[in-house]
Amino acid sequence: MSDAEENPVEETEEDGETETEEEEYNPNYQRIEEEYNPDYRKMEEEEEYNPNYQKVEEEGEEYNLNYQKVEEGEEKEKEYNPDYQKLDEEEYDPGYQKGEEEEENPNYQEAEEEDGEAEEDTLAGKESPEIEAALAEEMEGQAGEGQEEEIAEQEEIIVPQEITQAMMSFERLTIPGSHSVESGVSLKKQSGSRSEHVLEPEGSEVFELSQFEIPNLDQNGSEEQQPSGELGKKTHQTPRQEVGPEKGAWGRGKRVSYYLNPDGKAAGPKESLVSTTTEDALFKKDDSAKVFPLTMTWAFGWNSSLPVFSIRDGNQRVLLYVCAHTAVIYDVFQNKQHHLQGHANVISCLCISEDRRWIATADKGPNCLIIIWDSFTGIPVHTIFDSCPEGNGIKTIAITRDAKYLATISDGKDQKVCIWKWTLAVDTPACTLDLNKEYGFQNYLIFNPTNNKELVSNSKTRAIYYSWYEEKNTLAHSAPLLTEKTFNKLVGKFSQSVFHLNLTQILSATMEGKLVVWDIHRPPPSATFLGFPYIKPCKLVHLQKEGITVLTTIDSYIVTGDIKGNIKFYDHTLSIVNWYSHFKLSPIRTLSFSKTPPSPSTEKSNYPPDCTLKGDLFIVRNFIISTSDATVYHLTADGTKLEKLFVEPKDAICAVACHPYQPLLAIGSFCGMIKVWDYESKTYLFSRVFEKGLGVQSLTYNPEGAILGAGFTEGTVYILDAMSLENEIAEPFRYSRSSVTHISFSHDSHYMATADVNYTVALYWVVVRHGQRVWEYLARLRSHRKSIRSLLFGVHLDSNEPRLLSLGRDRLLIEYNLLRTCKDHLEVLDIHRTDQGCYPTCMVWYPPLTKELFLLICNSGYKVKLFNSTTKMCSALEAAVSLGGEDLTPFYGLVSGGREGQFYRELEDYFYYSQLRSQGIDTMETREVSEHICLSELPYVMRAIGFYPSEEKIDDMFNEIKFGEYVDTGKLVDKINLPDFLKVYINHRPPFGNTMSGIRHSFEVLGYTNSEGKKVIQREDFLRLLLTKGEHMTQEEMLDCFATLFGMNPEGWKSEPATTSFKGAEICLEEALPDEITAEVFTTQILGLTISEDSGQDHMVSEV
């Protein structure tokens, strides 16, 4: 095994880069530890400690980062290389050569120069032995004291030149921004907060050097990553660039946190979880102390379009897969999950390092992220923000064998390949390449396992070979066009590509069961002009009849999985060695082999023989199989034991129902599967898969929990036994012609109602036939004009009779008269409109906490409304002040500037001016100061502060205030104070201000496109809409409004008492208004509003 493979390190600067670039960022700060430096003497023995910190300035703040243990008797002439901490080479690195061979280290000379610079900054001359003895004596006296006092006192000690000379220099260190999510592992000052992963003393501050911690990729031991002997022998056939880094910093990297007490003194170092934990620690953490508003405890199902990886095998069987926005690490034996949460969008791809330590996940959508996780702790060690500025996200991702680099391909019409040096904690790619659209949509990417600078990707029609020239910042690529004429045979669509075991070829599998063999033509190292390498198709191998869906390599085998569920193993000559075909699996989606090499054969082993003439035992690693039907298996090679780990729905889950009083969760999927879980014990209980074409759309238990109603995508309704999922009725109901979206049962289980996408409500009931209770169809009615959002049964207040209500996107709340409903006739009792502009999204019964019975309705305007279930009158919903504070505290925080802001002060002025208006502006009598204003003044104050409610909204506010105390006192309220006014304003104001996009949308709906391509409304149509549509005006009201808008009427027209005797000005609308009115003309010239020029968001419109 080469040293490069054994000790991967973080990427360092290459030859050809300027010294300035190296000085800008030096990620390698490392503590010199005893186990890596045999000359190191423990502090307890030599009692030498270097407490000096070298400060780094970032964004105006100085960070105390450098913490080094050094050796007292270190010789002055010993050179220290901060990039590759010098070890005892002869004992730990036999390949290291001293003397004249030192120039092979490209950073060696630079290290000497940096040491020379650091030496100039230290004390001039060498301290006397007396001072060193005094230093040791002082350190010895502090041995029994606490860490905080010890570090504070040591900062005052003069350090001998030999010690200072060995310290790492951080003067030229450039600290990047935050790169972590949810974990508190970014290099930021954290004050008064507790991280989920890093425990801090209460009231302390912590500076954590997480961005500069170099992941220790040797922790698992690199012997498990040793390529097979055959592969190792053939590596001489290709000019290998650096396979992995030299022995050095990665194997010895540790991160140290320094806690600062409130007085600013350091309380002592603490090593991070990433650098100290083991692979068994993830599921041993106690999560009971976590307190969040919502805590994810379990993920049911998984994204079967993404791979499943085997993280650990043997005593622990740990898998990695994706469920929506979350990556899940699942321990099969312990039935435990750990969730990697941090993505705001659905995860689109993931990969894992060879040693199973580092996980990389990426998503697609706005503000997409790439997050690298430590699988031992579940901590995100690095986050790349806005990895795809175009907003398309990432389609595929790959990681090198030594985990130094990541490669991604974006998800969009214009794809881009990016290579990331993630261990350097940077947010920009090291190299990018824009792909030609002719190459097709690239959906698979992989690195050469023995050369970090080579990659291959493929679309369905084109394979691309990449060669990365890091020193030139160039990503050369070769994408030869392959047609049927190339081999005079049908090639088929590409599925996956890999590098051949001989390292000089690439293999691309097709859905026709064939392999395209590409030769890699690399320029010889001795050539004067080093041209770019390229690939050329050399052979088409008809490997098998079945289409190949998976192509990978492991040890000395090339492995395929196909659409028939077969898994086949080939040697480097593409001769078959063995296969698994008797399991009758669905099409193979992914194969993931254990990181543990197979055990040698013993007397107790039961490995099968291979199919070669020799008949040798077929010894291969255990592996995980995932199939297209969302099933995951584990195959133990010794004994050929196939174990089904779990089966989940392969299509989207669209229905969820909870049992009324047992911990049962029913899940329905478009694939026709209903699966029932015990959500307390997280165990699967039973399931049923319906025939093809029946996708589950809705599920509901009846109040007793004895039956389960299921609605399907093609209109069928099943009534099932809740414990066995067997049919309760002889034949399912087929009265709907479209997908059944809602099912509801009455409180006595006498009625069942359904709603479908054709806006139809159907009613079923229980009747007694031949002494047995059976379900029968009763009636149906197309009662809505748009989609039905909720369907609820309730109970009448004055009786125990059920009532049925439906709520539609057409803003109609409809109640049905069940008493007068008969066969094929569903009677409507009441219709009420719930909103004007917004549309309702859902409806539930409000808990019986008051004397009245309310319906709780949410709408698209982010509002929650209470409706009296009898009168359908809208009531106020009080804020949960216990969560936000007492009295008006939570409301103050919802207005600009809070209690002391300009908005609230203006509101107070308008409020008291309204009192003056009601008492008369010109009166000379003594005024009465009150805390209330008349209810009639409410709309004027609302408009004065910028909220222009409709007449219906004003009626809702009046009713809310008038009848607010009626149930308790029997009296109507005719006035309102300032606190209650603030509540009414916040509850009824729109969530967002007026925007140009909203106004333009209205013109798109109401207008037409003129000859200039603009959306306009003719003047006559504009006036007609004002007079006839919505809350239409009278002719007089419309003329008065236009006269006021154009400044022809006095200020406060018809709202001020002094202007009541003024006769309105006459206006000619044909002259005042243009023939064609655009959204911009309407906003600026008619309404007199201004349009903000904030390009970062939708333009807002506001008063001048």
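Buried here means under 20% relative accessible area, exposed over 50%, and partly exposed in between, with a 1.4 Å probe and protein chains only. Helices (H or I, at least four residues) and strands (E, at least two) are DSSP runs, numbered from the N terminus. Leaving aside residues up to four places away in sequence, Leu907 touches Val941, Ile945, Leu978, Phe981 and Leu982 (heavy atoms within 4.5 Å).

The model is predicted, so local features need pLDDT of at least 70 and side-chain atom pairs pLDDT 80 or more, while totals for chains, interfaces and linings use all residues. Numbering starts from 1 along each chain as its sequence is written, and side-chain values use heavy atoms, without hydrogens or water.

Elsewhere, 4 strands make an open antiparallel sheet in the order E46-E47-E48-E49, where pairing takes at least two DSSP bridges between two strands. E46 (788-795) and E49 (825-833) are the edge strands; each has a single partner, so one side of each lacks a neighbour in the sheet. E47 (802-808) and E48 (812-822) pair over 4 bridges, and Leu804 has Tyr816 in E48 as its bridge partner.

As for cysteines, the disulfide count is 0, taking sulfur atoms within 2.5 Å as the rule. Cys388 is buried at 3% relative accessible area, but its closest cysteine sulfur, in Cys368, is 5.0 Å away, too far for a bond.
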